[in-house]
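Let us take a friendly walk through a structure together. Have the view open beside the text and follow along.

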Amino acid sequence: MNLLALALVLPLVGGLLSLALLKKLIWQQVVCLLLFWAHLALSIVLLVSTAQGESWQLSMGSWPVPIAISLRLDLISAILLVVTGLLMAGGYTFSIFDPDKRSHRPMFAPLLMLLSAATTGAFITSDLFNLFVWFELMLMSSFVLMTLGETRKQFDGAMHYVATNLVSSAFFLIAVGMVYAVAHTLDMNDLRPKLTLIAEKRPGLVLSIGTLLALAFSIKAALFPLFAWLPASYPAPSATVSAIFAGLLTKVGIYAMLRVFGSVFPPLAELSQAMLWLGSATMLIGVLAAVIQTEIRRILSFHVVSQVGYIVLGVGFISAESVEVRVLGVGACIFYAVHHMVVKTNLFLLGGIVYQVSGSTRLSETGGIARVSPMLAALFLIPALSLAGIPPLSGFWAKLATFKALVTHGQVVAIVCAAVAGLFTIISMLKIWNATFARTAETTPPLPSKQVFRMLLPVGFLAVVTLLLSFQPDLLLEISYRAAESLLGVKL
Amino acid sequence: MFIALSILAGLLFAVGVFLILRRSLVKLILGLVLMGHAANLALFTAGGVHGTSAPLVAETEKQLAGSSADPIPQALALTAIVIGFAVVAFAAVLVKRVYRAVGTDDSAEVGRINE
C-alpha cells in the first residue's frame with residue numbers, strides 16, 4: 001500500500017474506530033494513543049524517504065495527472081507532517097493525564113483524529129479546491145473542539161472564531177472560482193505555467209486573484225490587522241485544545257500561502273512587499289499587546305500572532321530578484337515554523353499544568369511554583385527561553401536564519417521590527433517567570449500530585465525535541481533550505 | 001446572463017457583509033448564509049454560463065459535445081454547498097446554545113459577560 005495514502009487513512013480510520021468506542025472511554029484512549037504515535041512514526045518514515053530523494057504521489061481514481069485530484073508529498077509537506085504528528089501525539093498524551101473534564105469527553109478523540117486527518121490532507125494535496133475542502137474539514141472539527149465543554153467564555157470565543165473563519169472561507173472559494181475561470185484547471189503543477197502565461201498578458205488580473213487568496217489565508221494565519229479572533233478564542237478551550245490550535249492552525253494558513261505563492265502563482269512582487277510590511281507590523285503589534293496582558297494563556301495567544309509575523313516574512317522573499325535570497329528566506333521561514341510549533345504547543349500545555357497546580361492562570365493569582373516544583377520550572381524555561389531567542393536554544397537559530405535572510409535582502413524596516421519584537425518577547429516571558437514561578441506566593445500552592453507529574457511527560461518530550469533542534473540545528477536547517485528549493489523549483 | 005449573475009453574487013455578498021456587521025447573532029448567521037450563497041454563485045458563474053446541454057458524453061462519441069456546460073464548476077459548487085450546509089447547521093446550534101446560556105443574542109452582551 002502507498003504509504004502516503006496510509007498517512008491520510010490512518011487518522012480517518014482512527015476517527016471511525018474512536019466513534020465506535022464512544023462508550024468505552026479507556027479503550028478509545030488506548031487505541032487513539034497508539035494511532036497518534038503510529039501516525040508520528042509514519043510521518044518520520046515519509047520524511048526520511050523524501051529527504052533521500054523518493055517522491056510520493058497518488059492520483060485519485062487512477063485518472064491521468066492533471067485531471068485527477070492528486071496528493072503529492074514534497075519536503076516542506078513532509079517536514080510539516082512530522083511536526084503535526086509530534087503535536088498531536090504529545091497533545092493527546094497530555095489530554096489523557098489532564099484532569100480537565102473537557103479532555104475526557106467521548107467526542108474529544110474522534111474530533112482530534114479528524115483534525116489530524118484534515119491537516120494531513122491540507123499538507124499533501126496538490127489541488128486548489130481540494131485544499132479548500134481540507135480547510136473546511138479542519139474548521140469544522142476545530143469549531144466543535146473549541147466549544148467542547150460549553151462554558152460561556154468558550155461560546156464567546158467560538159462566535160468570533162466561527163464568524164471570522166467562515167468569511168475567510170467565502171473569500172477562498174471565490175478566489176478558487178476565479179482561478180478556474182482564467183486557467184481552466186485547479187491542479188497546482190498544471191496551474192504554474194498557465195498562470196505565468198496569463199500574467200504576461202494581464203498582470204493585474206493575476207495579482208487581484210492572488211490578493212484575494214492572500215486575504216483568505218491571512219485571516220486563517222491571523223496576520224495584522226485580521227488577528228482579533230485569535231486572542232479572543234484561543235485562551236477559552238481546554239489546555240490540550242488551545243495548545244494544538246496554537247501550534248498548528250495558523251501555520252496551515254502560512255503553509256497555504258507558501259505553497260500557492262511559491263509554486264502555483266508566478267512571483268507577485270507587490271504581494272511579497274505587502275507581506276514584508278504586514279509581517280513586520282504583525283510581530284510588533286502582537287508582542288506589544290502580549291506585554292500588557294495579565295493572564296498566561298492570553299500572553300501566549302498574542303505571542304502566536306507576533307510569531308506568525310516572523311514566519312510570514314518568508315512569503316515576502318518569494319519574488320526576490322536573486323534565487324539565493326528566495327531560498328534563504330523561505331528556508332528560514334520553514335525552520336522558524338517548526339521551532340515555533342513545538343515551543344508554542346509546549347508553552348500552552350505548561351499553562352495547563354500551571355492551572356492544575358495553582359487553580360488559575362492569572363499572573364496575580366499564581367506564584368512560587370519554582371520552589372514547589374523545580375522540575376516544572378526547568379521545563380518551562382526551555383520553551384520560554386527558546387521562544388525569546390536565547391542562544392543556544394532553537395529560537396536563536398530560527399531568528400539567526402531569519403536575520404541572515406533579511407540582511408541579504410536588505411530589508412531595514414523588517415530587521416528593526418524583528419529586533420524590537422524579540423526584545424519584548426524576552427520581557428513578556430520574564431513577566432510570566434517572575435509572577436508565576438519565582439515570586440513567593442501569599443498562599444503557597446500545594447505540592448504537585450502524581451497526576452501533575454504524569455502531565456510533565458509529554459511536556460518533557462516536546463522539550464527534548466526543542467533541545468534536539470537547539471543542539472543539532474544544521475540538520476533541520478539543511479532540510480529546510482532543500483525544502484525551499486524544491487518548493488520554489490530552483491537550485492542553488 | 002453572465003453579467004446578471006455576477007451582479008447578483010455581488011449584491012448577495014454586500015447584503016451578507018451588512019448583516020454580519022449587525023450586533024444580533026441571528027443576523028450574523030443569516031449574513032454568513034448569504035455570503036456562502038454569493039461565493040457558490042460566483043464559483044458557478046466562473047465556469048461560464050454558455051452551455052446549453054447537460055455535460056453527458058453521448059454513447060457514440062468519445063468526448064463532450066461543444067455545446068455542453070462545463071461540469072467542473074457545478075461539481076465544485078455542489079461540494080461547497082454541502083460543506084456550507086454543515087457549517088451553517090453548526091453555527092445555528094452554536095447561536096442557540098449561546099442564547100440559552102446568556103439569554104440574549106446581542107453579541108456585545110455575550111462579550112461583556114465574559115469579563
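## Ground rules

This is a predicted model, so to speak of local features pLDDT must be at least 70, side-chain atom pairs count only at pLDDT 80 or more, and totals for chains, interfaces and linings use all residues. Residues are numbered from 1 along each chain as its sequence is written, chains are lettered from A and ligands numbered from 1 in the order in which they are written, and side-chain values use heavy atoms, with hydrogens and water left out.

## Where the two chains meet

The size of an interface is often given as the accessible area lost when the parts come together. Here, about 2,600 Å² is buried between chain B and chain A, and carbon and sulfur atoms give 84% of that area. Buried area is the accessible area (1.4 Å probe) that two parts lose on being put together, summed over both. On the chain B side, B:Val87, B:Phe90 and B:Leu94 lose the most area to chain A, together 20% of what that side buries. The contact (heavy atoms within 4.5 Å) takes 30 residues from chain A and 32 residues from chain B.

What is the count of salt bridges between chain B and chain A? The count is zero, where a salt bridge is a side-chain nitrogen of Lys or Arg within 4 Å of a carboxyl oxygen of Asp or Glu. Two residue pairs are in polar contact between the chains, both at pLDDT 80 or more. A polar contact is a pair of N or O atoms within 3.5 Å; within protein, one must be able to donate a hydrogen and the other to accept it, and residues adjacent in sequence count only if both atoms are side-chain atoms. Helix 1 (2-20), helix 2 (25-46), helix 3 (71-102) and helix 4 (107-114) of chain B each supply at least two residues of the side that touches chain A. Helix 3 of chain B gives the largest share of that side, 15 residues. Helices (H or I, at least four residues) and strands (E, at least two) are DSSP runs, numbered from the N terminus.

## Salt bridges

Side chains of opposite charge can pair when their charged atoms come close. Over all chains, a search of the whole structure finds seven salt bridges. One of them joins the side chains of A:Asp187 and A:Arg72 (3.9 Å, N to O). This pair links distant parts of the chain, 115 residues apart: A:Asp187 is in the loop between helix 6 (152-183) and helix 7 (188-201) of chain A, and A:Arg72 is in strand 2 (residues 70-73) of chain A. A:Asp187 is buried at 2% relative accessible area, and A:Arg72 counts as buried at 18%. Buried means under 20% relative accessible area, exposed over 50%, and partly exposed in between (1.4 Å probe, protein chains only).

A:Asp74 and A:Arg259 also meet through their side chains in a salt bridge (2.9 Å, N to O). Because A:Asp74 lies in the loop between strand 2 and helix 3 (75-97) of chain A and A:Arg259 in helix 10 (residues 239-264) of chain A, the pair ties together parts that are 185 residues apart in sequence. A:Asp74 counts as buried at 18% relative accessibility, and A:Arg259 counts as buried at 10%. In the salt bridge between A:Glu485 and A:Lys491 (3.3 Å, N to O), A:Glu485 is buried at 12%, whereas A:Lys491 counts as exposed at 69%.

## A buried alanine

A:Ala418 sits in helix 17 (residues 412-438) of chain A and counts as buried, at 2% relative accessibility. Leaving aside neighbours within four places in sequence, A:Ala418 is in contact with A:Met283, A:Tyr310 and A:Phe403.

## Backbone geometry

Most residues other than glycine have a negative phi, and most peptide bonds are trans. The peptide bond from A:Phe224 to A:Pro225 is cis, with omega near 0°, and A:Pro225 is in the loop between helix 8 (203-221) and helix 9 (229-233) of chain A. A cis bond also joins A:Pro391 and A:Pro392, with omega about 5°.

A:Ala222 has a positive phi, near 60°, and is buried at 0% relative accessible area. Phi of A:His184 is positive too, near 55°, and A:His184 is partly exposed at 48%.
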